[in-house]
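Biologist: I am new to this structure and would like to go through how its chains meet. Could you begin with the terms?

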There are 2 protein chains.
Amino acid sequence: MELWYKEEHSPNVKFSIKVDKHLYSHTSRFQRIDIMESNEFGRFLTLDSSMMLTEKDEFIYHEMMVHVAMAIHPNVKRVLVIGGGDGGVVRELTKYPSIDEIDLVEIDEMVVEACKAWLPQTACKLEDARVQIYYVDGLRFIRAKENHYDLIIVDSTDPFGPGEGLYTKAFYGNCFKALTDKGILINQHESPYYSEHAASLKRAYASLEGCFPITQFYQAHIPTYPTGYWLFGFASKAYHPIEDLDEEKWNQLGIETDYYNTTLHRGAFALPNYIQKLLK
Amino acid sequence: MELWYKEEHSPNVKFSIKVDKHLYSHTSRFQRIDIMESNEFGRFLTLDSSMMLTEKDEFIYHEMMVHVAMAIHPNVKRVLVIGGGDGGVVRELTKYPSIDEIDLVEIDEMVVEACKAWLPQTACKLEDARVQIYYVDGLRFIRAKENHYDLIIVDSTDPFGPGEGLYTKAFYGNCFKALTDKGILINQHESPYYSEHAASLKRAYASLEGCFPITQFYQAHIPTYPTGYWLFGFASKAYHPIEDLDEEKWNQLGIETDYYNTTLHRGAFALPNYIQKLLK
C-alpha cells in the first residue's frame with residue numbers, strides 16, 4: 001500500500017509526500033490536527049490539511065523567526081509568542097540565557113499536547129521555567145498588554161482563513177502598544193509567488209507600515225512550504241534591521257544554528273526586484 | 001478532462017502542475033522534448049520529463065546565470081554558453097552592448113527549434129548578430145579552445161545522467177584552458193536538499209575547487225525547481241565575487257532585471273550554515 005499526503009499550493013499546483021505512517025489525528029474545537037511520519041522529511045504536522053512543519057526543515061523557519069530580531073535588539077528580556085504551539089520558536093528563544101520571560105499564547109491546547117507527544121524535536125523546551133503557556137485567543141490576549149514585551153513573534157497560520165485577524169491594522173496597533181519603547185514585531189508572510197498570496201501580502205505589508213516607523217521584509221528558503229520561498233515581516237519602533245545588527249555580539253554568544261548566520265542576516269533583507277515592486 | 005504534469009523531486013516527493021494544453025512533443029536523437037501550456041506558470045519546457053523552465057519564473061534562473069558574473073568582470077567580450085538551447089541565457093547576455101561574441105553550443109538542434117517555435121520569451125534573441133550556434137557536444141567543443149572566452153556559462157541538465165560529463169574535473173580543466181587569464185565560469189548545481197543531490201553537489205564542488213583559484217557557490221529561489229532552492233557555481237581565475245563587484249558601474253548600465261540587483265548579489269553568496277557545512 002502507498003500512502004501519499006497531498007497539499008494544494010494553488011488550484012493548479014500540488015505537492016505530494018509519501019507517508020510511512022499516520023501517527024496522530026484529532027479534531028479539536030478549532031481544527032483538524034495530523035502528524036505523519038515520512039521517509040523524506042521525518043515527522044510532519046498539518047493543521048486542517050495544511051503543512052505546518054517537517055522535522056527536516058523546521059530549523060530554517062524557526063531560526064529565522066527568532067535570531068534575526070535577537071541579533072538586532074540588544075536587550076530582550078520579555079518575549080510574547082502568538083501561535084507556535086509546536087514549540088519550535090520557544091526552543092530557539094530558550095537558547096538565550098538573557099531572556100527572562102517567554103509567554104506562549106496558543107489558542108488550541110490540543111496542538112501543544114499533540115506536539116509534546118509526537119514532536120519532541122520542536123516541543124522539547126515548552127517545560128523551560130521561563131515559559132508560560134496561555135490557551136487563549138491571541139487577539140484578545142494582546143489587548144490587555146501595554147509596554148511589556150521587548151519582542152513579539154507571531155507564528156500564525158496563513159493571512160487568509162482563521163489566522164486572518166493576526167494580519168490586520170487593529171492587531172498590529174495592539175502589538176505596538178504591548179511592546180516596550182524599542183520593541184520589535186516579527187511575523188511570517190507566506191510566499192508572494194502565487195497571485196492570491198501576493199494580494200494578501202500587500203495588504204498585510206500596508207497595515208504593518210501604517211503602525212511601525214521601521215518596516216521591512218526578509219526572506220528564507222523553506223523547501224516544504226509552497227514555492228520554497230518565504231517572507232517574514234520585521235516591524236520595529238527604533239532598531240534598523242541592518243544598521244543595528246551587532247554581528248560581533250551575536251557571534252560571541254556561541255549559539256548553534258544550522259541556517260542563520262550574521263552574514264546571511266544581511267542577505268535575507270536583500271529582496272529580488274519583483275518583490276520590491278510588489279511591495280511598492 | 002484534467003491533465004496534470006507530475007515530476008518526481010525524489011522517490012518520496014512529487015510536484016504536479018495542471019496542464020491546459022500539451023503544445024509540442026518530439027523525441028530527438030538525444031531526448032524527449034515537451035512543451036506544455038499551464039494556467040499557473042504559462043508555457044513550460046521539459047526534457048525527458050524533467051522541468052527545464054517555465055515562462056513565469058525562468059527570469060530568476062537566467063538573470064542569476066548571467067548578471068552575477070557580468071557585474072564582477074569589467075571587460076567581457078567573448079562568451080561561451082554550453083547547453084541553454086532555450087535561449088534564456090543568450091537573451092540576458094544580449095542586454096550588454098559591450099559583448100562582441102556569444103557562442104552557443106547546444107547538442108540538440110531540436111531543442112532550439114522547439115523553443116523558437118513555442119517559447120519566444122526565451123528564444124527571442126537567438127537571431128542576434130553576435131550569436132553563433134554550434135550543434136555539437138560541449139565536451140568536445142571546449143577541448144579545441146584556448147585562452148579565448150572571458151566568460152563560460154554552463155547551462156546544463158542535472159549533474160547525474162546525460163549532463164554528468166559537464167561536472168567533471170576533466171571538463172572544468174578544459175574550461176580553465178579555454179578562458180582568458182581573468183576568465184569566469186558559471187554553472188548550475190541543483191538543490192542540495194535531497195540527499196542524492198547533496199552527494200553530487202559535493203563531488204562537483206571538489207572538482208571545481210581543484211581547477212580554479214577562486215570558487216564559491218551562490219543561491220537563488222526558483223519556485224518550479226525541486227525544493228525551490230537553487231545553487232550556482234562561481235569559479236574564477238582572478239576576480240572575487242564580492243570584493244570585485246562594481247555596483248556603481250553595473251547600475252549605470254541601466255539593465256532592467258526582475259530578480260537580480262547588486263544588493264541581492266551580495267546576499268546570494270551568504271549561504272546558510274547547513275550548506276557551508278556540506279561544502280566543507
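Modeller: Two strands pair if DSSP finds at least two bridges between them; helices (H or I, at least four residues) and strands (E, at least two) are DSSP runs, numbered from the N terminus. This is a predicted model, in which local features need pLDDT of at least 70, side-chain atom pairs count only at pLDDT 80 or more, and totals for chains, interfaces and linings use all residues. Residues are numbered from 1 along each chain as its sequence is written, and chains are lettered from A in the order in which they are written.

Biologist: How many bridges join strand β2 of chain A to β2(B)?

Modeller: There are 5, between β2(B) and residues 13-19 of chain A, and the strands run antiparallel. Within β2(B), Ile17(B) is the bridge partner of Val13(A).

Biologist: What area do chain B and chain A bury between them?

Modeller: About 3,500 Å², with 54% of it on carbon and sulfur atoms; buried area is the accessible area (1.4 Å probe) that two parts lose on being put together, summed over both. Of the area that chain B buries against chain A, 21% comes from Asn12(B), Tyr193(B) and His221(B), more than from any other three residues.

Biologist: And how many residues take part in the contact?

Modeller: Chain A and chain B each give 42 residues, where contact means heavy atoms within 4.5 Å.

Biologist: Changing topic, how many salt bridges cross the interface?

Modeller: The rule (a side-chain nitrogen of Lys or Arg within 4 Å of a carboxyl oxygen of Asp or Glu) finds 2 between chain B and chain A. One of them links Lys277(B) to Asp258(A), with the closest N and O atoms 2.8 Å apart.

Terms used: Side-chain values use heavy atoms; hydrogens and water are left out.
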